[in-house]
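Here is a friendly tour of one model, meant to be read with the structure open beside you. Take a look at it first, then come back for the details.

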Amino acid sequence: MLEPISVSLESLNLGTLAPMLVAIGGGLGILIIDLIKRDLDKSLYVMLSVLVLFVDLGIVLGLQAGERGFFDIMLIDGVAILSQIVILAASMLFIPLALTSKRFHEFSYPEFFALFLFMVAGFQFMVATDNLILIFVGLETASLALYTLIALHNREKSFEAAVKYFIMGALAAGFYVMGAMILYALTGSVEIYKIEEVLIAGDYANLTILFVGFAFLIAALGFKLSMVPFHTWTPDVYEGASAALAGYMSIVPKIAGFVVAMRIFEFMIHSDVIWLRDVLYVVIVLTMTLPNIMALVQRDVKRMLAFSSVSHAGFAMAAIMIGTTAANSALFLYWTLFLFTNLGAFTMLWISRHKESRWHIRYDHPYEKFSGMIQIMPVGAVLMALFMLSLAGVPPFSVFWGKLYLMSEAVNNDYIILALIMAINSAISAYYYLKLIVYMFLKSPEENDGTIYMKNASRPLQTIIGLSVILTVFAVLGVEPMMDVITAYIKVSGF
Amino acid sequence: MITLSHYLILSAILFCIGLVGIYRRKNLLMLLFSTEILLNATNVGFAAISKFYGDLTGQMFAFFIVAVAASEVAVGLGLMIVWYKRRGTLDIDSMQSMHG
Amino acid sequence: MDHILSVLVFFPAVAALLGFVVSKDSIRAYGISVALIEFLLSIWLWMSFDGGYPGMQFVEMLPLIPSFGISYYLGVDGISLFIVILSTFITLIGLIALSVKNDIKNMIISLLFLEMTMVGVFVSLDAIVFYVFWELSLVPMLYIIGAWGGNLRIYAAVKFFLYTFAGSLIMLVGMLVMAYLYYQATGVWSFSITEWHRLILPMNYQIWLFVAFFIGLAIKVPMFPFHTWLPYAHGQAPTIGSIILAAVLLKMGTYGLVRLPLPMFPDASVYMITPVAVLSLIMIIYTAMVAYAQEDMKQVVAYSSISHMGVIVLGTFAMNPEGISGSVFFMLSHGIVSGALFMLVGVIYDRRQTKLMSEFGGLAKVMPRYATIMGIMVMASVGLPLTMSFVGEFLSLVGFYQVSPVMTILAGTSIILGAVYMLSLYRKSFFGEVVHEKNRDLEDLNGKESMALWSLVLVTVWLGIYPKPVLGPINNSVESLVSFMHEKSITDEAKKVIKPTVIEREAE
Amino acid sequence: MEAYLYTALFAPFVGSLFAAMFSNRPKNLVAGIAASTLLFVSWISSVVLLLHVAHGEVVHVKMMDWIQAGGLAIPFGFVVDQVSATMMFVVTTVSTVVHVYSIGYMDHDKSFNRFFAWLSAFVFSMMILVMSDNFAGLFIGWEGVGLCSWALIGFWYERDSASWAASEAFIMNRIADLGMLIGIFLVYWNFGSLQYDVVFSQVNGMESSILMLVTAFLFIGAMGKSAQFPLHTWLADAMEGPTPVSALIHAATMVTAGVYLVIRANPLYGEVPEVSHFIAGLGAFVAIFAASMALVNRDLKRIIAYSTLSQLGYMFVAAGLGAYWIALFHLMTHAFFKALLFLGAGNVMHAMNDELDIFKMGGLAKKMKWTMIMMTLASLALAGIYPFAGFFSKDKILEAAFATEHYVLWTTLWVTAGLTAFYSFRLVMLVFFGEERYKIFGFHPHEAYKYMLWAMAPLAVLAVIAGFFEHDFVHFVSNMLPIEEYHVSSSTFWTLVAVTLGIAVTGIAVAVFAYSRGGFSKKLEKTFIYKLLFNQYYIPKLYDDFICKPYAEISRIFWKDLDLKVVDATVDLIAGTIYKLGMVSRVVQSGNLSNMLRWMGVGLLALLLAAILYSPIR
């Protein structure tokens, strides 16, 4: 005869759940508003979701590290807070991209914004727990929402992208649960810290099974983080999705994935089990190099950016393999700075998006589209060039500082070879970023009317571009304070 | 007497079936089903392990998996219907517009 | 005026930004006046510079990323001062003689940005800041070559960019390692070059770091076998591009050698003398011969400048005040002379749209003034006494003679081979009868060209006859540098090779 | 005195600048006159200095610092002592004459002004060369004269041969200059200074190996300027320049710079007999070698050029034997009569509108009496006939050779003396006497301007009387240069004189006899010897085939095949390979879903494999 379970409310510590609840509530709210009054303008929903996210962010900032809640499923440590901040900030920066001057199918649906908020909530769940179940749930919530958002773009390619992404995602989910099951079977727990304890207690007994389990998890996360060879979806999905969403995908899901990877791999990396480190090393090198090389031969800027962001993910992943506090801080710094630049770059593509395929049957943004841009739209050309240089890691633009910290971490932990590989990869990557600059500055224009690059450019979008330009160019001034905050958060969460 | 290992073997077999399905089939619907099998294979495993350890976490996980699987089906079917509407086929090879 | 360096660095950049506003037809005047102001500023810097004091002056320090030891740290000593002045001077001259017609606005703006990066490289004492300017300098150059160049311009520009970029990234890794080692040793992060100088490293570290830095710098110099981007860059670049590239950008490499690896890794530098010297010898002789084979005037000058850079590197690795002062001075003279030569080639190119020597002949008859200046500059380039380059070449070779007589003799062949290709160039295109009808009525130098060129001639001869005002400060800094290296070096071999001034100069 | 020194030094420079101002303008007589006057000023101050120095004190000034780096400190310092004073006298004298002469000679040349600019510039550099008080300053002048000779040889640059000869001269000198530079480096690193006085004061301390190196390398430099074998070919080709140039640069002054260097550095050379002997030997060889080529040459100026070469040989013999004052003395006398000879040749060329083949002349004596007289005087001096200048100096050299028991040298020089006498009178005969062949070729010769002749007069006088100043000269230079008395019994002495004079006279006699009878039979020209001599021992051809052509070829190979096809190609290859890899690796991105899923499977399998492999070694 079981006695009834009595749970005191404060032991639940619902505060830890609050951020996600806000997001979800906001999403529901939007749907309800739509029920009450049909076809309201998208700008309303955009601003609503920004506000929701703002509140969300406020609550997140209010949390203090080191709490657990809701049957100890929720874990609010520094990383959780930090990553949520990044996720929310990025979402707030990207959602206004919906305010294009041209009408796009998806934004006419309020569901779009609801789904967007659900997705954010999903990501927040992912990062705010060390329970494999909740990670899974969060991950799937986010992914399912994302599939839909992609599909909502309502072009043939979008559906194709969505389906591909969906099927592969399903397989990845299978891998994930399989991995989780193996770990569960091995340790009798699905909480990472417990798993860690049990493994250490048993001094990593029967490694093979453990490795197999981790193999599945790596595969699953590798899919999310677009690690080679699980990256194949990335270019297609980026190409299929709208530039705005592609930019979003290049930042937010990855940061969530990084956090999960951090939680799952960190203890193993610090142990004397070299397997994980070596495997990650190989994966990382592959992920940095292969997409880099493939990006060389791309003909579409967006697709090129997709490959490049895969390569950047490889860079960041290196930090997780290195695994020191400084390295993890460097990861967050790198990704934030990368966010600034990528936001700008994708927005530049987004404002020049046309409904009809004007330059190329398949591509929206072939290189030829930008040829001679300096002649017809100097400002745009210069801005785009800035973002490209930043991505190429030319100082003093934002990404350079991220690279600097990452490489220095690699050096400091005696991964000199890795640092050199990073250097060489940056050199290679310079080529395809340069290619766009060459087209913009050194080729003669095909068009004569600069406005074609501004078709979508509404005031908000221009604001966002301006913002990201400032952030990109003057990043150096922000590095120090950002680094302080990041390191503080990372320290308390003991990574 | 059926022990844990039997269950695990069963789940492993189911998982492999799922995998094979994913790799062999050319029809999106079949792929969808295969992923379902994949997920449910692990359900068996989770249930058995949680029985073995005598704690409920595994079963909880199983339930969540079921839930997620369901929603996946929802989304997946939706996508496929749209695709079928547009292309009149669910053959994988029908979608290769993006490559290189 | 203790922020004069910041002003020097950022004045052109600000001016460039404002330049977007200036209207197209008056942008040229704008550019020239900005360059003039910048040049006067640099002259003022020289005037207020204390030539007697060997150390860093006008130091500015502003922490950028304190926790990582990166700070905005500027300063000049005798070594960098004059290269700064060279950059501002050459930019001014280049702008005066500027002859491009299309997109002149973009050209001038990018030139001003380029000027910022050049000055920045030479005054920055923080490795990262140095690196920032170093990399930034590629961008405007890429644009200049790529947008105003010849048929292969894009290939040349991209090659130039990627080649240098790749090299400098390796140097960046070296810098990070250096910083880490410094951290290990002292417990604080610092990218300050002057701080790094004080760090004494074990031999094996020194060698690896030396290699890392050397690759980055050697590509810029450009050392054989990394030199192949240069002929393309020069061959395709517009005149102004070649002038700046040859006069200043190449100097970044050799200046970097003096500033970074030598004081940081004296032992490794000594250890590496032979391989480096061999490379330089190949540069000197091989490229001189290649220059002789060229059919294109500009290519001759391009290869000749590679050959001369070889002598500069050699002088740098002489490890004694004579050699290093000589090489630093040679940097300046080579800047002036090669700049002038490229400008001269540009003059004829503007008139005939070709640079092939076979197209010319008898120019001395048609354009006597042009021929005169060309003659002077040719003679300067072959290192005739009483021209600037003799002082540099002589000192470099004197210095290196102490290290290895045999190699010096080989290097000395540059004065012979130089004469061979330069005279054949002059003979082919200026002597003989006028063969091509097109050449009959070429107009001689016009006002702005003569002004620009004569000022270069003036400098060449003045500093050839009385180098003291420049050589003095350089020598002071170099002497302290050398004695510092001598103190710092750990291996006996290095102690032996690195010779501070031994012979007392007669007091005057 | 300093004022005189600076005047002597800079007057030509001012002249040069003045003329240069008009260089691109049409002919302007002022340029020539001004330059000449300024040179005359310079000559006067040189003479003043000469007399001043004669009292034994030396003028030494330091104008300003030049290069100061590390331990190296080079000032612009000038010294006027007996040696440099002599040189200054010679240089200014000859060049003044040549300047005045040129006003007439270049009369019709459109680049009249440019000519004087360069000519004065040359004198200026020559003055620096001889007056500098350190090796670096010497080198400045050294290169300066090289530059000017380049410009003056190539003065008529439209002529391809001229510009070629100019380049050849410059480059050959450059080769030697490298040796000189190395010598200077050696001096610096071993003596710690480049000042003559500092260096020479330390000579005793030095070990001979270093001294040997120093002297050897310095002498390489000398070989270039003084066109000693094997660097002699440029001198003959240098005759492409206007004749006054040949007179001034390639007879009287520049080519003797090498000799001057050896004399100037006699404290060094005195210490190393090996090198000195080599110098003497080479000198003797060149003497006869050049004379032999002069025997058969048909070119008026080249003959004189070769004779210059051979006389330089004499000087080096003297210097090599340690008889530095004799070398200097011969240098001086030779300057006078050789310049005179050239200027005469100039007149002849004018008369024959620049025809140079002496076999197209003849019988010009009637038309141009004075020229004939002066050239004969000069030839007599050259041949070393008493009482002409050449006799004293040349005879002393032979005596020195004999007295120091270098009989081989003596014999060589003795034979050479005969040859000299022969070819110079062969020239005189063919040009001025015998049948008037020029009529066949339709020339209308005429005597040169009066003032040109007057300009030559001083040289003529000097060529005659210079020899008699021998003893004053000895006394004059005695406190600079070692003077050793040769102890030969007076009988031997007189026999020597007799023998020398004998062969000289014989030579002359043969020449006069043969060519007054219309020369030797044509058969001789078929002989191998003749061909050999006529083609200058095929040495120019040799250089062309084994140095110039291969060099050009190798350069071309380096460029086309090495630089482009190997070095650059490798770089592009690397880049290209990476790009191709990109092309290849696109297959991963086939866009087919099942394919993409397969890749995920591959990844998983790889991971599992790694798991299995690693599990033993955790």
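In which sense do strand 1 of chain D and strand 2 of chain D pair, and over how many bridges? They pair in the antiparallel sense over 9 bridges; two strands pair if DSSP finds at least two bridges between them. This is a predicted model, in which local features need pLDDT of at least 70 and side-chain atom pairs count only at pLDDT 80 or more, while totals for chains, interfaces and linings use all residues. Residues are numbered from 1 along each chain as its sequence is written, and chains are lettered from A and ligands numbered from 1 in the order in which they are written.

**The hairpin in chain D**
- Strand 1 and strand 2 of chain D form a hairpin with 2 residues between them, and Gly70(D) in the turn has a positive phi of about 55 degrees. Strands (E, at least two residues) and helices (H or I, at least four) are DSSP runs, numbered from the N terminus.
- Val59(D) has Val80(D) of strand 2 as its bridge partner.
- Strand 2 of chain D is largely enclosed by the rest of the structure, because 9 of its 9 residues are buried. A residue is buried if 20 or more other C-beta atoms lie within 10 Å of its own, with C-beta atoms placed from the backbone.
- Both faces of strand 2 are covered, with Phe76(D) among the buried residues on one side and Gly77(D) among those on the other.

**Chains in contact**
- Of the 5 pairs of chains in contact, chains C and D share the most contacts. Two residues are in contact if their C-beta atoms, placed from the backbone, lie within 7 Å.
- On this interface, 40 residues of chain D are in contact with 52 residues of chain C.
- Helix 6 of chain D gives the largest share of the chain D side, 14 residues.
- No contact joins chain B and chain C, whose closest C-alpha atoms lie 24 Å apart.

- Helix 17 (residues 398-412) of chain A packs against helix 7 (residues 153-186) of chain C at an angle of about 60 degrees, with the axes 9 Å apart. Axes are lines fitted to C-alpha atoms, for helices over the stretch in contact, and angles run from 0 to 180 degrees between N-to-C directions.

**His231(A)**
- This residue sits in the loop between helix 9 (207-224) and helix 10 (233-240) of chain A.
- His231(A) is buried, with 29 other C-beta atoms within 10 Å.

Methods
Buried ≥ 20, exposed ≤ 12 C-beta atoms within 10 Å, placed from the backbone.
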